[in-house]
Amino acid sequence: MYSLVVILMVLVCFNFVLKQSWHKWWSVLAHAAAAALFTGLMWPVAVRQSRSQIDEWLSNPGLMLDTSVIITLEVILQIAFCLLSVHLMSSGRLKKSTIWGYRILRWFPGVLIFGVLFSFLVYLIFAFPGVSFPLVAWSAAAVVFVVIAGGAWLMRRLFPEKESRLEMFFLTNALTGIVAVIATVNGQTAVAGVSEVDWTAMAGVLGLVAAGVLAGSFVRTARPFRRFLKNGRNLKTDNILKNQ
């Protein structure tokens, strides 16, 4: 369990640094400075934590399930960024909503990194007993700033093609989602199984599926029909103009 949580934290950090490779240098420095300030300023909260309290958090099924939901939402947003990036690369004319969605997702760095940085700070405070807490915190902040800024530069040097970085980003986020489910569920399920089938609920689900299939078929059939009528009207108008 603890090993999976560590792997999950490493994946979150890697995804955050890799996401910075899409930004300009001033944006990377701003994100690195924000992460460093968070690490340095959180030491008063970090010193009030204890190893037993952290173990209780990891063994709390409800808290871990809530954490799994947050991780899943962030993974979905990052994968949506990957899909929109591919759409921008392969399509010509795009809607403004698609472009704005891409811009918003590109500037979304993720919120999981702050939980990882806080855990990293707590670990360092326990690892260096007797050392000044602010010294440990701001030293960790300096390391965080250098790792984020240097890591983004290194990613661009190792993978200069955006397509390669995009594919890696998609795969690592998918892996993050899989590891998150395994690490946070911890043998618990959100819904207990039943031995009887609720035929009313099943009929309702099948009805919704059938309605969706019919609606999709209607829309797919109606579009060519409307295009045919539009072309027919345009042809009729051209013939009238020619006869005048």
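What volume does the second largest pocket have? About 150 Å³. Keep that pocket in mind; the tour returns to it soon. Note before starting that this is a predicted model.

**Stop 1: the whole chain**

Show the chain as a cartoon. You will see ten helices and zero strands. Read from the N terminus on, the elements run α-α-α-α-α-α-α-α-α-α. Now colour by burial. Of the 244 residues in the chain, 28% are buried.

**Stop 2: the second largest pocket**

Select Gln20, His23, Lys24, Trp25, Val28, Leu29, Ala149, Ala152, Trp153 and Arg156. These residues line the second largest pocket.

Six lining residues are nonpolar, two are polar and two are charged.

Then bring back the cartoon and select residues 25-41, which are α2, and residues 133-158, which are α8. Each of these helices supplies at least two residues of the lining. Which helix gives the largest share of this lining? It is α8, with four residues.

**Stop 3: a nonpolar patch on the surface**

Switch to a surface view. Select Trp25, Trp26, Leu29, Trp107, Phe145 and Val146. They form a nonpolar patch, and together they have about 660 Å² of accessible area. The elements that give two or more residues to this patch are α2 and α8. Here the largest share, three residues, comes from α2.

**Stop 4: valine 146**

Is valine 146 buried or exposed? Valine 146 counts as exposed because its relative accessible area is 56%, and exposed means over 50%.

**Stop 5: isoleucine 113**

Is isoleucine 113 buried or exposed? Its relative accessibility is 5%, so isoleucine 113 counts as buried; the cut-off for buried is under 20%.

Along the chain, cysteine 13 and isoleucine 113 are 100 residues apart. Draw a distance between their C-alpha atoms. The separation is 6.3 Å.

**Last view**

Show valine 146 and isoleucine 113 together. Valine 146 is exposed, whereas isoleucine 113 is buried.

Notes: Residues numbered from 1 in each chain as written. Predicted model: local features only at pLDDT ≥ 70, side-chain atom pairs only at ≥ 80, totals over all residues. Heavy atoms only, no water. 1 Å grid on protein atoms, 1.4 Å probe; cavity = no way out; pocket = protein on both sides within 12 Å on 5 of 7 lines; lining within 4 Å. Points joined across faces, edges and corners; volume = space filled by probe spheres on them. Nonpolar A, V, L, I, M, F, W, Y, C, P; charged D, E, K, R; others polar. Patch = residues over 30% accessible without salt bridge, like charges linked within 9 Å, V, L, I, M, F, W, Y side chains within 5 Å. Areas by Shrake-Rupley, 256 points an atom, 1.4 Å probe, with all protein chains shown as cover. Salt bridge = Lys/Arg side-chain N within 4 Å of Asp/Glu carboxyl O. Buried < 20%, exposed > 50% of the residue type's maximum accessible area, 1.4 Å probe, protein only.
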